[in-house]
Amino acid sequence: MKSLGEEAKALIQKATDLKQLNDIRVAFLGKKGKLKNILKTLGKLSPEERKEIGQLANKIKEELEELLKSQETTLKQKALEEELRKEKIDITLPASWIDIGSSHPVISTLIGISEIFISMGFSVAEGPEVEKEEYNFDMLNIPKDHPARDMQDTFFLNNGDILRTHTSPVQVRTMLTRKPPIAIIAPGRVYRKDADPTHSPMFHQIEGLLVDENVTFRDLKGILKIFLESVFGKDVGIRFRPSYFPFTEPSAEVDISCTVCGGKGCRVCKGTGWLEILGCGMVDPNVFKAVNIDPDKYSGFAFGLGIERIAMLKYRITDIRLLFENNMRFNHQFKGIR
Ligand code: FA5
């Protein structure tokens, strides 16, 4: 029995994992274990011998149990240390790169321009991109045979509606629902059958409309001068050139001195030193009549500008299509720029 105890102790101390330890426990102390087997033979001994051997068996059992317990603690501790070692995270390794998004240059230009007009007291109005011909053309004094209505220029839907070709229908919608004084801007997407380095089939415009008593062309010039100087700087040259829009009379187009050559003449401005930037004019009395505003009492001005055109001039982008390709290497150049 003593040598059995020694054998068990040696095995317990050599055990390298918890399973081995359990096998040893079963082999020596289990119901059919070696110690139990010896105790079964005690019947053959005298009562004194039985007592002595019984006490010895208990002592060996207690010693083995104690040893098993302490070895189990040691092995559990070892297993835990091994697990922690495997799961250890090396916080000195560089982290994987997380790319943080930013505003698209068209959107940041749009927000920047809107903020300039909002600071002058204009509020923001919106209208639908799928529009009625009535609002996009008729009520803006654009005759039925005007070339802009041609299938070549306008996207028509099967039900006769169109994709708005400019933001000017928001003027009509606003004047139908609100009475003067009115001072709004209407930013949004517009659509035309156009595609080349400076024209895109979908682009953004900002419409401006101010209606009140005694509004003059001078007010229009003043507001646009403040706006253009805020975007392009105080030194920018500004000129108003007579033009024609069916919904304004008189009408003008506004040019700024070329942002690339500073007015000397280059490829971008086609040698003229000037770049066209927006259309504008005094609201035509026929438009006022269509929306039930008295043209003898009220006057107003309107303007419309292309956001992409302004973004291109501001950031010297030479092809409008770059703005819509979503090439991240291109877009990232404008991170944090307003
Ligand atoms: C108009 O759309 C008028 N509604 C502007 C207006 C409003 C005039 C109120 C008077 C009063 P126009 O077609 O010129 O005008 O377009 C205005 C601007 O949109 C242009 O100066 C140009 O910057 C931009 N633009 C026009 N077509 C495209 C296109 N296909 N892609 C990108 N920008 C364009």
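Trainee: Which element gives the most residues to the shell around the ligand?

Mentor: In this predicted model, β9 gives the most, with four residues. The space that the ligand takes is the largest pocket. The elements that contribute two or more residues to the shell are β5 (202-212), β8 (274-283) and β9 (299-306).

Trainee: How many residues surround the ligand, and which are the closest?

Mentor: The ligand is surrounded by 23 residues. The closest are His166, Ser168, Arg192, Ser200 and Glu276.

Trainee: What distances separate the ligand from polar atoms of His166, Arg192 and Ser200?

Mentor: A polar contact is read from the distance between N or O atoms. In the side chain of His166, a polar atom lies 2.9 Å from a nitrogen atom of the ligand. For Arg192, a side-chain N or O atom is 2.8 Å from an oxygen atom of the ligand. Ser200 uses its backbone instead: an N or O atom there lies 2.9 Å from a ligand nitrogen atom. Of the 680 Å² of accessible area that the ligand has on its own, the protein covers 92%.

Trainee: Let us turn to the cysteines. How many disulfides are counted?

Mentor: A disulfide is a covalent bond between the sulfur atoms of two cysteines. Here the count is zero.

Trainee: Are Cys261 and Cys280 buried or exposed?

Mentor: Buried means under 20% relative accessible area. Cys261 counts as buried because its relative accessibility is 14%. Cys280, at 2%, also counts as buried.

Key
Residues numbered from 1 in each chain as written. Predicted model: local features only at pLDDT ≥ 70, side-chain atom pairs only at ≥ 80, totals over all residues. Heavy atoms only, no water. Disulfide = S-S within 2.5 Å. Buried < 20%, exposed > 50% of the residue type's maximum accessible area, 1.4 Å probe, protein only. Near = heavy atom within 4 Å. Polar contact = N/O pair within 3.5 Å; in protein donor to acceptor, adjacent residues only side chain to side chain. Areas by Shrake-Rupley, 256 points an atom, 1.4 Å probe, with all protein chains shown as cover. 1 Å grid on protein atoms, 1.4 Å probe; cavity = no way out; pocket = protein on both sides within 12 Å on 5 of 7 lines; lining within 4 Å. Sits in = over half its atoms within 2 Å of the grid points.
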